[in-house]
Amino acid sequence: MIADKTAANQDLPSGSEWATLSDVETVITDSPRVAAAVIKRGGLAAFPTETVYGLGADIFNEAAIAKIFEAKGRPSDNPLIAHVAEADQIRLLTDELSPAAELLFQAFAPGPLTVVVRKTGAVPMLATAGLETIGIRMPRLAVARQFLAACGVPVVAPSANLSGWPSPTTWEAVLEDLDGRIDCILKGTASEIGLESTVVDCTGELPVVLRSGAVSIEQLREIFPSIMLSSGAEADTPRSPGVKHRHYSPRADVVIGTNGAIAANSAFIGLHRPKATFRAIRICRDLDDYAKSVYEFFRESDRLGIEIIYCERVAESGIGTALMDRVRRAAKG
Ligand code: TXA
Ligand code: MG
């Protein structure tokens with residue numbers, strides 16, 4: 001399965017470069033301490049958060065950070081988010097939390113929010129892909145907090161998938177992508193939110209949303225009434241380098257809406273039961289359930305060999321903004 005994915009993914013190294021990656025035994029544990037011990041000795045451990053599963057390494061260990069890019073096949077110009085257990089760890093990462101960043105942390109941390117600020121010299125350039133800024137997030141999931149606290153250092157972690165594919169919302173999805181490529185998976189329940197964190201750049205005069213997420217634009221506007229969503233992917237030099245790469249895409253084609261003829265070998269996910277028949281169908285209870293289910297449904301459809309996944313269009317407010325953003329990117333991929 002991994003070989004298939006490699007061939008289809010333009011971001012991954014090809015041929016002999018890929019083959020040089022060594023096989024490691026991936027230990028699966030439900031102990032935050034065991035997973036933290038892996039981080040402390042310079043290894044890679046995937047861990048659950050309320051958004052998606054992350055692939056962690058010690059932020060001050062450059063060799064470990066390099067292994068993240070290698071294990072995921074991640075382009076080296078895509079910066080990583082630093083995860084902290086407690087507010088006092090933020091001081092290791094930045095000298096000056098701007099007033100905007102301070103307000104955001106007060107309102108939404110711990111939670112599904114990443115704030116981009118200027119970094120200290122102690123943070124390796126490898127972690128930030130050469131940027132002078134660093135994204136910081138304090139997850140709220142109890143197991144994630146226990147793991148991060150036991151690590152004792154901030155942990156850089158992208159989503160724990162092969163680069164370009166849907167983020168994992170279960171430990172089994174992490175295993176599917178990264179078995180034999182990482183040292184450890186900390187087992188947890190399915191991610192409660194199911195979409196990646198909201199990323200807000202606080203380095204400019206006004207904060208800008210680089211990636212939508214469960215902390216909604218409407219919630220952010222209660223604090224910064226004029227905050228805008230960056231055009232990101234369309235810009236020549238995107239402020240969030242990650243958004244220009246292929247992202248979140250299953251092997252199947254993704255189509256938004258069910259207008260027109262429905263292909264035979266297809267699947268549907270949405271809120272309302274459509275008239276047509278599909279090989280796989282997921283009717284979600286509400287918008288939150290749709291957001292939580294969409295990546296796993298993409299993966300499930302790929303396991304079944306589905307060719308087209310139809311996704312119901314929803315209103316772009318609340319979590320609907322992030323959901324439609326990811327579905328649109330998947331449709332482009
Ligand atoms: O919910 C999440 O954010 C998950 C969990 C594991 O915390 N992490 C995650 O990481 O989604 P990743 O690497 O898959 O996505 C990070 C995004 C990318 O779009 C990246 O470009 C952006 O955040 N980013 C990170 N650091 C940045 C920086 N210094 N400046 C601008 N964008 C940054
Ligand atoms: Mg990712």
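The peptide bond going into Pro110 from Ala109 is cis, with omega near -5 degrees.

Quick housekeeping: this is a predicted model, where local features need pLDDT of at least 70 and side-chain atom pairs count only at pLDDT 80 or more, while totals for chains, interfaces and linings use all residues. Residues are numbered from 1 along each chain as its sequence is written, chains are lettered from A and ligands numbered from 1 in the order in which they are written, and side-chain values use heavy atoms, with hydrogens and water left out.

Next loop along: Ala129, between strand 5 and strand 6. Most residues other than glycine have a negative phi, and most peptide bonds are trans.

Leu104 touches it, along with Leu113, Val115, Val200, Cys202, Leu220 and Phe224, leaving aside neighbours within four places in sequence; contact here means heavy atoms within 4.5 Å. Leu104 is also, with Leu55 and Ile182, one of the residues touching the most other members of the largest nonpolar core, which has 46 residues. By core I mean buried Ala, Val, Leu, Ile, Met, Phe, Trp, Tyr and Cys residues joined through side-chain atoms within 4.5 Å. A separate core has 26 residues, including Ile193, Val254, Ile269 and Tyr295.

Now the helix pairs. Helix 3 (residues 32-40) and helix 6 (residues 142-151) pack at about 40 degrees with axes 8 Å apart. Axes are lines fitted to C-alpha atoms, for helices over the stretch in contact, with angles from 0 to 180 degrees between N-to-C directions. So that pair is oblique; under 35 degrees would be roughly parallel, over 145 roughly antiparallel, 65 to 115 roughly perpendicular, and the rest is oblique.

Which residues of helix 3 meet helix 6? Pro32, Ala35, Ala36, Ile39 and Lys40, against Val143, Gln146, Phe147, Ala150 and Cys151.

Last pair: helix 7 (residues 171-178) and helix 9 (residues 287-304) have axes that come within 11 Å and cross at roughly 50 degrees. Helix 7 brings Ala173, Glu176 and Asp177, and helix 9 brings Glu296, Arg299 and Arg303.

How values were computed
Helix = DSSP H or I, 4+ residues; strand = E, 2+ residues; numbered from the N terminus. Buried < 20%, exposed > 50% of the residue type's maximum accessible area, 1.4 Å probe, protein only.
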